[in-house]
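I opened a new notebook page for this one. Here is what I looked up, in order.

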Amino acid sequence: MMRFLLLLLLGVTAPLAMAQTPKPDTSRLEVSVNRVEVDGQHMYELDASGVVAAPLPRVWRILTNYERMTEFVPDLESCKVLSRNGNEVMIEQFGVARLLFMTRAIHLIVRATEQPMSAIDIALVSGDMKHYEARWELIPVPETGGTKVVYKGRMMPNFYVPSLFGSKMIRSDVEHMMRAVLTRLDRREDRQPSVNSILIPPATTPAPAR
């Protein structure tokens, strides 16, 4: 439905070899979505967390590589960094929200406030949402050298979402998003030299005749 909204401010690096991709421990994935009332308005409260083997610096690098999001987020068509001022980043995004049999174009401008190696706070500046706020928290796991990734937020679309099924649909998207995030964070970079580079020595320039 709105996966790209839930994946705001997630970045990725260049595509990597699928053979190098370990499966994350999805048994440790926890997701909850509740419809709540805030100041007389109904919002969806999102809460999800999971653990990856990737160390904290790598997780931070991937999650703040904003302009590579289109390589990773299914319904995101473009993501552009408009400006950066210290730890604040203004980002413009175009994407698609899918609700049952309907498709709606979404345009958002958000502000990301970075707390290096710790958290990313997201606030809606303008666009096709009545309300959107989120926070990504990164917690090192000393026992394994991995990282716990926590996502929390509140959102209120400016288009109709059935109250009876809304929480279930959004929960399904949050779970799908978190599984994709965990998989991406645990993907190993393919830094091994190619077979040709091992078997074929580099060309050398003959020494000039004396």
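Among contacts in the chain between residues at least 6 apart in sequence, what share join residues at least 24 apart? I got 60%, taking a contact as heavy atoms within 4.5 Å.

Ground rules next. I am working on a predicted model, where local features need pLDDT of at least 70, side-chain atom pairs count only at pLDDT 80 or more, and totals for chains, interfaces and linings use all residues. Residues are numbered from 1 along each chain as its sequence is written, and side-chain values use heavy atoms, with hydrogens and water left out.

**Layout.** I counted four helices and eight strands, read as DSSP runs numbered from the N terminus (helices are H or I, at least four residues; strands are E, at least two). Along the sequence I noted the pattern α-β-β-α-β-β-β-β-β-β-α-α.

**Confidence.** I checked pLDDT, the predictor's confidence in each residue, from 0 to 100. The chain averages 77, and 70% of the residues score at least 70.

**Burial.** I took buried as under 20% relative accessible area, exposed as over 50% and partly exposed as in between (1.4 Å probe, protein chains only). Of the 210 residues, 44% count as buried. Helix 2 (residues 56-63) is largely enclosed by the rest of the structure, because six of its eight residues are buried. I listed them as L56, R58, V59, W60, I62 and L63.

**Aromatics.** My search of the whole structure gave one aromatic pair. Rings of Phe, Tyr and Trp (its six-membered ring) pair if their centres lie within 6.5 Å; planes under 30 degrees apart are stacked, over 60 edge-to-face and the rest tilted. The rings of W136 and Y151 have centres 4.6 Å apart and planes at 50°, so I logged the pair as tilted. W136 sits in strand 7 (residues 129-141) and Y151 in strand 8, 15 residues apart. W136 is buried at 1% relative accessible area, and Y151 is buried at 0%.
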